[in-house]
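Good morning, and thank you for coming. I would like to walk you through one structure, moving from a pair of helices to a sheet and then to a single residue.

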Amino acid sequence: MRRCVVHLVYILDTVRLVRSVGVDIGGASVRAARLSPGNRLEARASAPVGSGMSSERLLAEIIAVTTRVLVPGRPSERRIGVAIPAFLGQDRRVHYSLNLPGLEGIKLEDELTRALGGPSVTVMPDIAAAALAEAGAGAGSGHRRVLCAALGTGANAALIVDGKLVETAHGALGDAGHVLTEPGGPECVCGGRGCLEAIAGGAALRREAHALGLADGAALSAAASAGNSTAAAVLEHAGTALGRAIAIWSAMTFPDVVVVAGGVAQAGQLLLEPARRELVRVGARHVVERLALMPATLGADAAVIGAALSGSDVAY
Ligand SMILES: [Zn+2]
């Protein structure tokens, strides 16, 4: 975890001029990290949060954790970025916060800017923060157009071009995890059928694991690695769906590289190999022939790093 932040610090060593704080609000905890003007990791803090918390309680926890990593009395030097497990509406209010319903409807940027006394707070969906991190300091470093697909509990994707997030809707690429990858496929939480999320999202894979008597997605990957052909077939199915989704996204966004992040990506080549195979089989040739597909490198730190990057005012 620390190594990832140190890596980021090294990359930005010559350009960062201000303190930058990243905050990652997850479904179970809120985490904050601060980088110094000299590009050193100065502080980290975290606290548990939960779905039963009221808006007031959640805001208080977020403010308390963030305050613990701010340097008192230096508001003009602060840049703060915040990653949320939700989307943003056009009015910049939090939308669709399934894990933390207490956040819904809040204009978090205004609330936090007021409470923390800094010049600006930038809020973005966690998929956007993860994509910024992987493009700026992770697997996509050095590429101009980076598409980051994340398979966490659900599925989504975000596009970074020249270090900037591309927004189409909801603070990212809309609800990209709900592209159709299998006509007539399994029902999805969105009300549709055959979406990427319904086949390759973490919740979908956990259900498949349970059906095989396994505890979770990690156990599913372990069983597949150990030669369990049924478990391997589940991951092959998920990877195939991912390859189709990448073919669709890529035809619209022309990335140079696709980085696959999120807990499901821990399955590694068991997921990426069928994804690559299907991408080549069904994708437009002029799109996929130049496209690299690789696993994310920043792990669980991606969102907090990306939030810190978004809060900075330097090019990277
Ligand atoms: Zn769906």
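This is a predicted model: local features need pLDDT of at least 70, side-chain atom pairs count only at pLDDT 80 or more; totals for chains, interfaces and linings use all residues.

Let us begin with two helices. The axes of helix α7, residues 217-225, and helix α8 come within 7 Å and cross at roughly 115 degrees. This crossing is left-handed. On the α7 side, the contact is made by Leu220, Ser221, Ala223 and Ala224, and on the α8 side by Ala231, Ala232, Val234 and Leu235.

In what order do the strands of the open sheet stand? There are 5 strands, in the order β10-β9-β8-β11-β12, and their pairing is mixed. β10, residues 164-166, and β12 stand at the edges; each has a single partner strand, so one side of each is left without a neighbour in the sheet. From one strand to the next, the twist averages 30 degrees.

β8, residues 145-151, and β9, residues 155-161, run antiparallel and are joined by 7 bridges. As one example, valine 146 stands opposite isoleucine 160 in β9. Helix α8 packs on the sheet, where it touches β8, β9 and β11, and its direction makes about 150 degrees with that of β8.

A further helix, α9, lies across β11 and β12 and runs at about 165 degrees to β12.

Finally, I come to a single residue. Alanine 83 lies in strand β4, residues 78-84. Is alanine 83 buried or exposed? It counts as buried, because it has 31 C-beta neighbours inside 10 Å, and 20 or more are enough for that description. Alanine 83 and aspartate 24 are 59 residues apart along the chain, yet their C-alpha atoms are separated by 4.8 Å. Beyond residues up to four places away in sequence, alanine 83 touches several others, including Val23, Asp24, Met124, Asp126, Ala303 and Ala307.

Thank you for your attention.

Key
Residues are numbered from 1 along each chain as its sequence is written. Helices (H or I, at least four residues) and strands (E, at least two) are DSSP runs, numbered from the N terminus. A residue is buried if 20 or more other C-beta atoms lie within 10 Å of its own, exposed if 12 or fewer, and partly exposed in between; C-beta atoms are placed from the backbone. Two residues are in contact if their C-beta atoms, placed from the backbone, lie within 7 Å. Axes are lines fitted to C-alpha atoms, for helices over the stretch in contact, and angles run from 0 to 180 degrees between N-to-C directions. A crossing is left-handed if the near helix is turned anticlockwise from the far one by less than a right angle, and right-handed if clockwise. Two strands pair if DSSP finds at least two bridges between them.
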